[in-house]
Amino acid sequence: MKKFPQLKTTLCLAFMLATAVSVLIVGYVALNLLGRNLTNDIKNKNLLIARSLASEIQTLLEEPKATLAELAEILENETATASALFPSVVKHSDTLEMILLIDAEGRVAHVTPSNRNYSGIDMSNRRFFRRTRETGAPFWSSTFISIHTGKPTLTLSLPFRRGALVGYLNLDRLNGISDRVNIGDSGYALVVDREGTLIAHPDRSLVAEQVNIRDNPAIAQGLAGKEGTVKADHRGKDQFYSVAFVHDPGWAVGVVQPVSEALKPVAKGRRIILAGAGLALLIGAFLALGVAGRIVRPIVLLAAHTKKIAGGDYASPIAGCGYQEMEKLAGHFRQMIDAVKSREEALRNALGEKEVLLREIHHRVKNNMQTIASLLRMHARKIDDARLTEIVNDCRDRIAAMSLVHESLYQSDSLAKIDFETYLNKLCRNLGRAYHAGGKGVSVSVDRCDVGLNLDQGVAVGLVVSELISNAFKHAFHEKESGSVAINVKNIDDDRVEMIVADDGAGLPADLDIRKTSSLGLRLVGGIITREMGGTIDVENDNGAKFIIRFKIKTE
Amino acid sequence: MLRSKTLTPAASSEKKRISPAVFATIFSLISILMFTGCKDKTPITIGFSGNLTGRLSELGINARDGAILAAEERNKAGGINGRPIILKVKNDELDREKAVQADRELIQEGAAAIIGHTTSTMSIAAVPVMNAARVLMVSPTTSTNKLTGLDDYFIRLVSPWKDATLHLARYAFERADLRKISILYDLSNPEYTRMVHDTFRSEFKKLGGDVLCSKPYTSTPGIDYTVIADSLLACAPDGILIVGGVMDTAMICQHVRKTNATVAFFSSGWAGNENLVEYGGAAVEGIVFVNYWDMDSRNPEFVDFKKRFKKRFHREPTFPSMFGYECAQVIFQALAQIDNPSNLKEKIIETGKFNGLQEAIVFDQYGDPKRTPLLFTIKNRRMVRMERP
């Protein structure tokens, strides 16, 4: 039998699934939107910071540029000397830590602060000098190790006369700008020169060691003048690099923030939504159990009531369970029970009436048959011809046997089946009386009979038994002072019956063929069993005659 | 603890949808791997130790950048047998104790080999640590004779400087026809500079010349080049040999020339790169130095390396850059052929010969290569190669 799922389990799972799927879908959409918006916000915000820093650095660099330009103008137009002007400028400048005046030959004509190592030396091969001479424009150098400090240094060179005015910049000021940037727990800002070498970074050692990060695609993009935010790998971690370009020296400013940190709110949201989904699932499970229980309970009760009603118990009350639909269903069920109950009573009454009528019919049939048998008995007494008397008596016995079936039927509880054992016992008794069996010392007994037969088969089998017993009384015991006839009826499988009628008399002729015998009784037996009932009959001589009859019971 | 920087293989973080074809390829590869056995994909750590800060940091910075380029290129090409390379960089600050500490930390961090140090003094301090740990150190620029002919866990990419110094001494005496020399040497890297000083002095005297004065100094920010120049000239030499870094060599030449002295200049080679021209200006014109690399080499592999280095760092490579790159290449090639990094030294010695960017690198049984020393001078503000000594 196909196994169906339980309604309660199905409802619970459906509730939980609906709850969880809804929460997850809403969460997924919300997280995606949140992540996208947050990423855009962070990118925009960090890029804004980077641009702001770039602008600040540009402004910072304008100061020494303007200072050097002003010094160049003063030296050009006035009588003031470098030694008179430079010291106060260096002293009061945050960015200029040294100024060199280089003549047309490339030699240091003046240095402030005073330093004998620089005085008069040839700087004509220095890149900043050559570029300034070549372009006639201010030039920002890349980082190099300062002879003076031994630290990475940058220079700003302005053309002056045919030489140059060179300012050495203090990188600490740049680092000061980047140090002010605190983004999240570990976000930071950095500055690279146009070669990609770090010139400002929270980790000063990276600047001191002149680490070049041009391989970072975001930095390379920034140095190419393309501002924006790029997600790039750094030491195995994804980072947002927002890069802005510092136009004049060609540097890039980067604002760096680990992606995981930047998207922390999304991760937090994800955890909250997952926890919410879990909680919703739990609440959904509890609600589902409760609601499904309330829905299923009346159905279960209804099923139990239906079972009782099927068993004939109409008295159990059917209650609704607080739902309109269930109340309506219970009401309809109650109406149905009342209808079934009244129809069943009507049927019972009609059936009772018909049963009484049928019993009456059987009773009258039996009476009529007994009247016929009595008439035949009376006629037989007046017939002198023994042969004719025997025929009439045979007819009487047959009618009596049939009458006994009707009697058994109306006397039994069921009109559909005859209690065949009681019938046989009565039949044997009646036949024994009719043939004066007791006087002849012959007994007739029903050893076993545990079958029931309907009217048709009862009449047929009753006739057969009547014929066989009559035949035994007539022929089996002429030469014996006593004898017995035994009947044994049993089921040999579910729907087949074996009936054995045996006597211990003289036995049958050896050449007896029941189909060809002259005995009307035996031919009648053979005809009934084989033709009417589709059964078989075997005849044996086993210390007397033995008839083994097998036939199929009709269920209707 | 020394702070270190780590170079990891760059990875694109861009999310892409996997097409069915790619999925099928991945599935096939996984299947093949399941049948052929999965290979180890854990990263291989390589250390770098060198001086990265201060006036003498040029060697270290350039050697480091050469090693970085090699590691980046190798990782792009799939690493060593599929295993990515992590290059951990530490700064020895030209201090023996910090050098030893850096190496110990790198060994503890699982370095299969260490590229470094960049100065002889630091390398000599580090070798006992490497021997104890049985981890190989491959130096790009160490040339001291004190580490020559030793069966230790130290090999190098440049020949011991003795031969080169002898050639320089002979050139000064025989070809430049000088008889009186003053020698200036930097005590920041004494193992190297003293060796060069002693070798040159001995050979030059043996040839019949005279070393009038030997002046040690220490390269510090407070150094006064005028005083040093004056003290060298006080001996009235025909020529001056400067055994120092590029900046000091350039400045000494500048300050000597400021006095209009016409002495000839010689450099040990430590200062032999293009920055000498930039810092030295006209003063270094004619200076003669010996080196194991040629900036103008036309070897296609070197020309290509120069292009790649310039593209990556936006500057020209110097000799430490090339040797740093070659150090990494030698290590990578040998590691690719062995399963256990502890056999690295034996594998390199056994292999013996590796392709270099300018010439083949041939190691002897002690891991000392035989390179050809080349003489260079500066002419018209360019380094030019002289005849082979």
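These legends walk through several close-up views of one predicted model. Residues are numbered from 1 along each chain as its sequence is written, and chains are lettered from A and ligands numbered from 1 in the order in which they are written. Because the model is predicted, local features need pLDDT of at least 70 and side-chain atom pairs count only at pLDDT 80 or more, while totals for chains, interfaces and linings use all residues; side-chain values use heavy atoms, with hydrogens and water left out.

**View 1. Chain A as a whole.** Start with chain A, whose secondary structure comes to 14 helices and 18 strands. Helices (H or I, at least four residues) and strands (E, at least two) are DSSP runs, numbered from the N terminus. Of the 556 residues in chain A, 46% are buried; buried means under 20% relative accessible area, exposed over 50%, and partly exposed in between (1.4 Å probe, protein chains only). Among contacts in this chain between residues at least 6 apart in sequence, 61% join residues at least 24 apart, a contact being heavy atoms within 4.5 Å.

**View 2. Glu97(A) and its surroundings.** Glu97(A) has its place in strand S1 (residues 96-102) of chain A. It counts as partly exposed because its relative accessibility is 30%. Leaving aside residues up to four places away in sequence, Glu97(A) touches several others, among them Val90(A), Thr112(A), Pro113(A) and Tyr168(A). Tyr168(A) is 71 residues away along the chain, yet the C-alpha atoms of Glu97(A) and Tyr168(A) are separated by 5.7 Å.

View 3. Strand S17 (residues 536-541) and strand S18 (residues 545-552) of chain A pair in the antiparallel sense over 6 bridges; two strands pair if DSSP finds at least two bridges between them. Thr536(A) has Arg550(A) in S18(A) as its bridge partner. The hairpin formed by S17(A) and S18(A) has 3 residues between the strands, and Asn543(A) in the turn has a positive phi of about 55 degrees.

**View 4. The open sheet of chain B.** Here 7 strands of chain B form an open sheet with mixed pairing, in the order S8-S7-S9-S10-S11-S14-S15. Strand S8 (210-217) and strand S15 (382-385) stand at the edges with a single partner strand each, so one side of each has no neighbour in the sheet. From one strand to the next, the twist averages 25 degrees. Within the sheet, S7 (residues 180-186) and S9 (residues 239-243) of chain B pair in the parallel sense over 5 bridges, and Tyr185(B) has Val243(B) as its bridge partner in S9(B). Helix H5 (residues 161-175) of chain B lies across S9, S10, S11 and S14 of chain B, running at about 155 degrees to S11(B). Axes are lines fitted to C-alpha atoms, for helices over the stretch in contact, and angles run from 0 to 180 degrees between N-to-C directions.

View 5. The structure holds 6 cavities of 30 Å³ or more. On a 1 Å grid over the protein atoms alone, a cavity is a set of points where a 1.4 Å probe fits but cannot get out, and lining residues have an atom within 4 Å of a point. Grid points are joined across faces, edges and corners, and a volume is the space filled by probe spheres set on the points. The largest cavity has about 120 Å³ of space. Of its 16 lining residues, the closest to its centre are Leu59(B), Thr141(B), Ser143(B), Tyr192(B) and Trp270(B). The second largest cavity, of about 60 Å³, has a lining that includes Leu59(B) and Trp270(B).

Key:
1 Å grid on protein atoms, 1.4 Å probe; cavity = no way out; pocket = protein on both sides within 12 Å on 5 of 7 lines; lining within 4 Å.
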